[in-house]
Each structure stands twice: as structure tokens, then as C-alpha cells.
Amino acid sequence: MEDEREAKAGLVEGDEHQGVAGVTMTRRGLFRSTLAAATSVALNGVHAAPAPASAESGSHAPRANNLVRISVTINGVAHRVEVRSDVTLLDLLREQLHLTGAKKGCNRGECGACTVMLDGRRVNSCFVLAATLEGRRVTTVEGLATGDSLHPVQRAFIKCDAFQCGFCTSGQIMSAVGCIEEGHTGSNVEIREWMSGNLCRCSAYPQIAEAVETASAEMHGGVHGTV
Ligand code: FES
Ligand code: FES
């Protein structure tokens, strides 16, 4: 039971990976499933430009210009975009759509700086292929506030002074939204466990946990909707 809880919280090192959405999976398995989904999109005829003849045409050579067209809703706005089949959600957000709230820390699913919500569940966006996003719904930290009104988690992070350099903060905030909506806020220890996939080099963990606790109390009052 303890092992299972640690695995779900992303505490187990090695080849296992728990994005942040409560699903345990090996890194190899996760890569396989996302690659399979991307291939499925291409084979189902969405769009895949033929790869040009190249000297690097061996089995491991990248297929340049292998493009996939997807429709995805980001922060409530419908986007029709064309992406290379190897582009991650994080790079789609940052490089193509110029939504730079999600940060690129490790770029390999270990730090949580790139956390966003995908269909209402928190994920490491550096670990999601953009080509798998057809018809899906993404919320980034830019989409949390309602007009001038900050989300309760954003307000709580400010109130509790839950950051120093701020690099990890957008990921912490998105993860906190997921943590609260998943109901993992029963105690300070539980919050720390379910936020453990989000690293903070400045070690603002006590304030982050306090902010999650504060926001949870407000959100359970039904003040803010889901994302
Ligand atoms: S940048 Fe995605 S987990 Fe570190
Ligand atoms: S506030 Fe600096 S890394 Fe978290």
C-alpha cells in the first residue's frame, strides 16, 4: 500500500513515472502510449506530410516535415494548429502559441515546472505529444484567472508568500489546482505528498503547502469552478 502511494505521488525513482495525474506508468510505457496515439492520429488521415528523401533515412532518423494538424482548446480558445509529430505540448504552448507560463525545467518529466491541466487532470506538458491533443482541452496558468479576478490558488500563493525566484510557481499553482480538485488536501502531510512531483529549488515547500491548504478551504466553499 505504502509502495503504491509513493509510486502515485511520483516518489519512486528509477524508470517509473507518475506524471501528476495519479496514473502510474513506466517512462518507456508512457512514451510508447503517446507515440502510438500520435501515430494513430497520423494514420487516421488528419494530415501527415511525406518525409523528404534524406541521407538520414535509417530507422532512427527523424522524419522532417512530418506534420500533424490538430484542433485543441487552450484556455477556452479553439486553436487549429499544425505540429511536428515529435513536438511536445510544452513546446507547442511556449514556441508556437507564445504561452510561456508553463516552464521548461528538466524537459523529462521530473520537475513539474511544465504542469498544465489536460481535460481537467494535471500533466507534465513536456511528456505529452502535441499530436495527441485532437479535440482535447488544455488549461495553463494564463487561463486560471477570470478577468481581473485571480484564481483562489493564485491568491493563496501571493498571500502565503509561496515563492522566491518564481521559476517553479506556475507549475506549482497548476499542480495545486489539481491536488485540490482530486481531494488530496486532508492534511499538510497529504498535500506535501501529492505535490511532491513539483520541485522547488528555492525550497519554499512550507509556504506552498500552506497556500494549497488556504486555497483548498476557499475552493471547497464553492467559490471557483473547475478547469
Ligand atoms: S519540464 Fe516537464 S517535468 Fe520538468
Ligand atoms: S520559487 Fe524558486 S524554484 Fe520554486
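## Helix H4 against helix H5

In this predicted model, helices H4 and H5 are oblique to each other, because their axes meet at an angle of about 125 degrees.

On the H4 side, the contact is made by Val153, Gln154 and Phe157. H5, which spans residues 169–182, contributes Thr169, Ile173, Ala176 and Val177. Sorted by class, the residues of this contact comprise five nonpolar and two polar ones, with no charged residue.

## Helix H4 against helix H7

H4 covers residues 152–159 and also packs against H7, which covers residues 205–219. Here the angle is about 140 degrees and the axes lie 8 Å apart. H4 and H7 are therefore likewise described as oblique to each other. The crossing of H4 over H7 is right-handed.

Pro152, Val153, Ala156, Phe157 and Lys159 of H4 make this contact, together with Ala211, Thr214, Ala215, Glu218 and Met219 of H7. The residues involved divide into seven nonpolar, one polar and two charged.

## The buried residues of H4

Five residues of H4 are buried: Pro152, Val153, Gln154, Ala156 and Phe157. These buried residues pack against H5 and H7. Val153 and Phe157 are listed in the contact with H5, and Val153 and Phe157 are listed again in the contact with H7. Gln154 belongs to the H5 contact, while Pro152 and Ala156 belong to the contact with H7.

In an α-helix there are 3.6 residues a turn, so residues three or four places apart point the same way. Just after H4, the backbone at Asp161 takes a positive phi of about 55 degrees.

## The five-stranded sheet

Five strands form an open sheet of mixed pairing, in the order S4-S3-S7-S5-S6. S4 and S6 stand at the edges with a single partner strand each, so one side of each is left without a neighbour in the sheet. On average, neighbouring strands of this sheet are turned by 40 degrees against each other, direction ignored.

At one edge, S6 (residues 121–124) pairs with S5 (residues 115–118) in the antiparallel sense over four bridges. Within this pair, Thr115 has Asn124 of S6 as its bridge partner. H5 lies across S5 and S6 and runs at about 40 degrees to S5.

## Strand S3 and its partners

S3 (residues 67–74) and S4 (residues 77–84) run antiparallel and are joined by eight bridges. Ile70 stands opposite Val81 in S4, and Ile74 stands opposite Val77. Two residues lie between the strands of this hairpin, where Asn75 takes a positive phi near 50 degrees.

S3 also pairs with S7 (residues 137–139), here in the parallel sense and through two bridges. The bridge partner of Ile74 in S7 is Val138. Ile74 accordingly has a counterpart in S4 and another in S7.

The side chains of S3 alternate between the two faces.

## The protein as a whole

The protein has seven helices and seven strands. From the N terminus on, its elements follow the order α-β-β-α-β-β-α-β-β-β-α-α-α-α. Of its 227 residues, 39% count as buried. Among contacts between residues at least 6 apart in sequence, 57% join residues at least 24 apart.

Note on methods
Residues numbered from 1 in each chain as written. Chains lettered and ligands numbered in written order. Predicted model: local features only at pLDDT ≥ 70, side-chain atom pairs only at ≥ 80, totals over all residues. Axes fitted to C-alpha atoms, helices over the stretch in contact; angles between N-to-C directions. Parallel < 35°, antiparallel > 145°, perpendicular 65-115°, else oblique. Left-handed = near helix turned anticlockwise from the far one by under 90°. Contact = placed C-beta atoms within 7 Å. Nonpolar A, V, L, I, M, F, W, Y, C, P; charged D, E, K, R; others polar. Pairing = 2+ DSSP bridges. Buried ≥ 20, exposed ≤ 12 C-beta atoms within 10 Å, placed from the backbone.
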